[in-house]
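The model is predicted.

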Amino acid sequence: MTAERTTTAQGAGATGSSLRVLVCGGGIAGQALAYWLARGGHRVTVVERFPALRATGAQVDLRGQGIEAVARMGLLDAVRGRLVDEPGVAFVDAHGRRRATIMANTSGKGRQSLTSEYEIMRGDLVRVLHEATKDDAEYVFGVSVERFEQDADVVVAHLSDGTSRTVDLLVGADGQGSRVRRALLPPGAPDPYRRVGIHMAYWFVPRIASDSDVRDTYLAPGGRMIMRRSHNPAETQVYFVLREESEEASAVHREPVERQKRFWTDRFRDAGWQTPRFLDGMATTGSFYSQEVLQVRTDTWSRGRVALVGDAAHCASPYSGMGVSGGLVGAYVLAGEINRHPDDLTRALAGYDTTLRPFVDEIQAAVKPRLLRLGMPESRPAIGAFHSVTALACFLHIPDLVARYAKEDRGGAWQLPESPVAAAG
């Protein structure tokens, strides 16, 4: 296998080398990586297993360094134009009465609260990134990487449509269940998943008049939580969250959708509040998704000419508040190292790890399973105590003061490196 590398005046490295890069996964991290690599003068192909752009999914947010990464892409105004108006988070009882409300921090200082100033539907963010990359990168839909082989010069990626691609670099941006990661890790490597004993499902239902823009959070006995948030005049998002450590709960997310729906119905049918409405909506929705809340932790983000980015490398879980931001930052750092050292991928990928690892450690360490369990009480008295403490804290404006005067957001003091595209680019 031999590489045929060209040079370009727009190349980000000192030699102006242009690499052929294949990105497996057309989600947020994969498209962000394509954005920066294309501007570094590289020839980027993105393969996505879905037959079209996967512009779907629930509400996500940007925080800290993720906001800065979008700003450096020049896309912050485009993102602002698609934000969901979610002014705060309310904790409600079984009658829908608000016991406490924590508002978003819109001061521009400190850290984001439970809801971010930058809330956006995943599909809208995907579309913003695609619009910014579609003319500079090749997109191939309905195709995934089945396997690959590499030597010192190139990677040959064998695709699901029976074709193959010979490239200089293969990047797995294929999510927390990454097939590229499974092939990359050596035999006997530790399980990359850190489980926290929590499971989540979400879907959309028709919006009704009582659904406000404030996110409602309801706690039910048995370590159960229901969240309702509305992102447009017609639709409301429903989230069921469950504390459970069982083989059945971990396995159900790989079962057919109807089996998943039966699981969630069985666990929540007696939960109270608006559960009957939400279960009725679940039966007919086309947007249902079920997952285990977990982190991806591995010491290996690359081997040879194959690397991982985003959730495939370091999923921080939804409870970090930094999942999407982490993917954007990881793509930014990886592209920067490749653009600076296109003729020395060993150095580039080592620099990616060294630079990004402290940030990833910070956002992953913020997820503390014991604290998560405290926020999902098992008994009615414990739920009542949670509401009382939260109501008192809100009455004293403690969440607002903590957010406004915090010195750092959830990503800590770690700062983005210099631009991924050199001045000559």
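## The Asp61 site

Asp61 counts as buried because its relative accessibility is 14%, below the 20% cut-off. The residue sits in strand 5, which spans residues 59-62.

The Asp61 side chain forms a polar contact with the side chain of Arg63, at 3.1 Å. When neighbours within four places in sequence are set aside, the residues in contact with Asp61 are Ser116, Tyr118, Glu119, Gly321, Val324 and Ser325.

## Helix 10 and helix 11

Helix 10 (residues 323-340) packs with helix 11 (residues 345-365) at an angle of about 155°, and their axes lie 8 Å apart. Because of this angle, helix 10 is roughly antiparallel to helix 11. Their crossing is right-handed.

On the helix 10 side, the contact involves Gly326, Val329, Gly330, Val333, Leu334, Glu337 and Ile338. On the helix 11 side, these meet Leu345, Ala348, Leu349, Gly351, Tyr352, Thr355, Leu356, Phe359 and Ile363. Sorted by class, the residues of this contact are 11 nonpolar, four polar and one charged.

## Helix 1 and helix 4

Helix 1 (residues 28-39) and helix 4 (residues 122-133) have axes that come within 9 Å and cross at roughly 20°. The two helices are therefore roughly parallel to each other, and their crossing is left-handed.

Helix 1 contributes Ile28, Gln31, Ala34, Tyr35 and Arg39 to the contact, while helix 4 contributes Arg122, Leu125, Val126, Leu129, His130, Ala132 and Thr133. By class, seven residues in this contact are nonpolar, three are polar and two are charged.

Technical notes
Residues numbered from 1 in each chain as written. Predicted model: local features only at pLDDT ≥ 70, side-chain atom pairs only at ≥ 80, totals over all residues. Heavy atoms only, no water. Helix = DSSP H or I, 4+ residues; strand = E, 2+ residues; numbered from the N terminus. Buried < 20%, exposed > 50% of the residue type's maximum accessible area, 1.4 Å probe, protein only. Polar contact = N/O pair within 3.5 Å; in protein donor to acceptor, adjacent residues only side chain to side chain. Contact = heavy atoms within 4.5 Å. Axes fitted to C-alpha atoms, helices over the stretch in contact; angles between N-to-C directions. Parallel < 35°, antiparallel > 145°, perpendicular 65-115°, else oblique. Left-handed = near helix turned anticlockwise from the far one by under 90°. Nonpolar A, V, L, I, M, F, W, Y, C, P; charged D, E, K, R; others polar.
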